[in-house]
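The sequence and the structure are shown first.

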Amino acid sequence: MTTPIGWLLLSLQVHIERARRAPERGASAIEFVIITAILVALAAAVGVVIYRLVTDEAESIDIPDAPGGGL
């Protein structure tokens, strides 16, 4: 879990466990978990979009051959 998405999923699991163990929190804990899950999904979607945009731009860069045949 060394990736940002792995960290976010681990964080979500921690929040879910806290919500399950603290019944006195009631609906607010459940709402917090739902909001966290939505934010994690949005962050992952934005990350994927940015990654694809950067990758596409990087692939479109034309790198000329090295002088002398690349030796």
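## Overall architecture

A residue is called buried when its relative accessible area is under 20%, exposed when that area is over 50%, and partly exposed in between. By this criterion, 14% of the 71 residues of the chain count as buried. The model is a predicted one.

The secondary structure consists of 2 helices and 0 strands. The chain has an accessible surface of about 6,100 Å², and carbon and sulfur atoms account for 67% of that surface.

## Helix H1

Helix H1 covers residues 4-21. Its 18 residues, at 1.5 Å a residue, should span 26 Å, and the C-alpha atoms at its ends are 26 Å apart, so expectation and model agree.

The buried residues of H1 are Gly-6, Ser-11, Leu-12, His-15 and Ala-19. For His-15, the relative accessibility is 19%; because the cut-off for burial is under 20%, His-15 counts as buried.

Helix H2 comprises residues 27-59. Which residues does His-15 contact, leaving aside its neighbours within four places in sequence? They are Phe-32, Val-33 and Thr-36.

Thr-36 is located in H2. With a relative accessible area of 14%, Thr-36 is likewise buried. When residues up to four places away in sequence are not counted, Thr-36 touches Leu-12 and His-15.

Ile-30 and Arg-20 are separated by 10 residues in sequence, and their C-alpha atoms lie 8.7 Å apart in space.

## Nonpolar surface patch

Ile-30, Ile-34, Ile-35, Ile-38, Leu-39 and Leu-42 make a nonpolar surface patch of about 580 Å². Membership in such a patch requires a relative accessible area over 30%.

Terms used:
Residues numbered from 1 in each chain as written. Predicted model: local features only at pLDDT ≥ 70, side-chain atom pairs only at ≥ 80, totals over all residues. Heavy atoms only, no water. Patch = residues over 30% accessible without salt bridge, like charges linked within 9 Å, V, L, I, M, F, W, Y side chains within 5 Å. Areas by Shrake-Rupley, 256 points an atom, 1.4 Å probe, with all protein chains shown as cover. Salt bridge = Lys/Arg side-chain N within 4 Å of Asp/Glu carboxyl O. Helix = DSSP H or I, 4+ residues; strand = E, 2+ residues; numbered from the N terminus. Buried < 20%, exposed > 50% of the residue type's maximum accessible area, 1.4 Å probe, protein only. Contact = heavy atoms within 4.5 Å. Expected span 1.5 Å × (residues − 1).
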